[in-house]
Amino acid sequence: FNKYSTTSYYQYASIVNESNLPSSFELYPTFLASIYAVLAIAGFTISSYIGGEVRNPRLSQFIGMFGAPTFYGILMVLALIVSYEKFGYDFLTGISYSALTGSKLYTFPIAVPWLDYIAALALNNPYLLILFTIGLISTLLAFNLTAIYATSRALFAWAFDAVLPLKLSEVHERYHVPIYALLTIIILSALFIYLTIFTQISAYFTYVVLASSADLVILGIAAILYPFYKKEHFMQAPKPVNAKVGPIPVIIIIGILSIVTYIIVGYISMLPAFIGVFNIDYALFILSLFIIGLVIYYISYFVRKRQGLPVDILQREIPPE
């Protein structure tokens, strides 16, 4: 490590004592840092996006949704155990503190010292370095695939429910994909890449974690109300959905846990240590996205109603498979 770093391993390790940083486990800082674990695992819920178009999800979906994050969580814990054992707590704390506080001691060409980057510096094995690189590239490609599924599915579902132009719900006869929804996503993605490079638009998404948390709190409320307000649907749902613990539906328990979890995540995401100084313009921008969504929905509602196509009735039933 010292061969590639102008600040030695021991200089980073000594920062813990010099800066009076915690030298052992503390509950409250660990609690605040749990937001990173929640956000890392939350992405596995994207597979649930198919639920809007599938009347009877199979067991594989249930196993996949719970099995994938469980497997990933185990890998993440093992990686952390090995990292603290091999790199040392003081070193990891010191180098992270240097990076996040803008210290002159931190001179690496990346914003924060990722574990795989540190591991690459500590290794003298070209085969493992190649494996690391393949893993990183594969991760980015896999993320792009899930992003495509999630975003194109959203456009397709909104069009299928007549909120957006019906053309976006058309499926290609040969390739069986929502071709116009995909083309729209490609165009919007290219536009956003351009704006990210040449403007400050990405800064306006600073509070996106808070916005996502608000979405999931609303979803948790819906989960609690579902067995009462959609009792017939709930009784006819597949077994994992209408399962109970005694007299209490499991979905209610999950809804309560979701609300508590994402209120905490939303709160932590707004702390200065996580997001920096509060910016009212960024907050208003995120709020405007919710308002724009409501405006689009109600414009579609009244337009479709005049066309004899009631949007609210279309959304009362899960679409046919």
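**Note on the predicted model**

1. Lys 167 and Glu 170 join their side chains in a salt bridge, 3.4 Å from N to O. A search of the whole structure finds 1 salt bridge. The model is a predicted one. Side chains of opposite charge can pair when their charged atoms come close. Lys 167 is partly exposed, at 43% relative accessibility. Glu 170 is also partly exposed, at 36%.

2. Ser 169 deserves a look next. Ser 169 sits in the loop between H6 and helix H7 (179-198). Buried or exposed, at a relative accessible area of 17%? Ser 169 is buried, because 17% falls under the 20% limit. Its side chain reaches the backbone oxygen of Leu 166 at 2.7 Å. Leave aside neighbours within four places in sequence, and Ser 169 is in contact with Phe 156, Ala 159 and Phe 160.

3. His 176 is found in the loop between H6 and H7. Its phi is positive, near 60 degrees, and the residue is not a glycine. His 176 is exposed, with a relative accessible area of 62%.

4. Asn 20 also calls for a check of the backbone. Its phi is positive, about 55 degrees, although Asn 20 is not a glycine. Most residues other than glycine have a negative phi. Asn 20 lies in the loop between helix H1 (9-18) and helix H2 (27-42). At 70% relative accessibility, Asn 20 counts as exposed.

5. Now helix H5, residues 115-122. Which residues of H5 are buried? They are Ile 118, Ala 119 and Leu 121. These residues cover an arc of only 160 degrees around the axis, so they lie on the same side of H5. What do the buried residues of H5 pack against? Their partners are helix H3 (59-87), helix H4 (89-100) and helix H6 (126-160).

6. The surface carries a nonpolar patch. Its members are Phe 278, Ile 280, Leu 284, Leu 287, Ile 291, Val 295, Ile 299 and Val 303. Together they have about 740 Å² of accessible area. One of them, Ile 291, lies in helix H13, residues 280-306. Ile 291 is partly exposed, with a relative accessible area of 46%.

7. Ala 273 belongs to helix H12, residues 272-275. Ala 273 is exposed, at 81% relative accessible area. How far apart are Ala 273 and Ala 37 in sequence and in space? They are 236 residues apart in sequence and 16 Å apart in space, C-alpha to C-alpha.

8. On the whole chain: the protein has 14 helices and 2 strands. Its C-alpha atoms fill a box of roughly 70 × 55 × 45 Å along the principal axes. Of the 321 residues, 23% count as buried. The protein exposes about 21900 Å², and carbon and sulfur atoms supply 71% of that area. Take the contacts between residues at least 6 apart in sequence: 64% of them join residues at least 24 apart.

Definitions and conventions. Residues are numbered from 1 along each chain as its sequence is written. This is a predicted model: local features need pLDDT of at least 70, side-chain atom pairs count only at pLDDT 80 or more; totals for chains, interfaces and linings use all residues. Side-chain values use heavy atoms; hydrogens and water are left out. Buried means under 20% relative accessible area, exposed over 50%, partly exposed in between (1.4 Å probe, protein chains only). Helices (H or I, at least four residues) and strands (E, at least two) are DSSP runs, numbered from the N terminus. The arc is that of the directions from the helix axis to the C-beta atoms. Contact means heavy atoms within 4.5 Å. Patches are made of residues with over 30% relative accessible area and no salt bridge: like charges are joined within 9 Å, nonpolar side chains (Val, Leu, Ile, Met, Phe, Trp, Tyr) within 5 Å. Accessible areas come from the Shrake-Rupley method with a 1.4 Å probe; for residues, only the protein chains shown count as cover. A salt bridge is a side-chain nitrogen of Lys or Arg within 4 Å of a carboxyl oxygen of Asp or Glu. A polar contact is a pair of N or O atoms within 3.5 Å; within protein, one must be able to donate a hydrogen and the other to accept it, and residues adjacent in sequence count only if both atoms are side-chain atoms.
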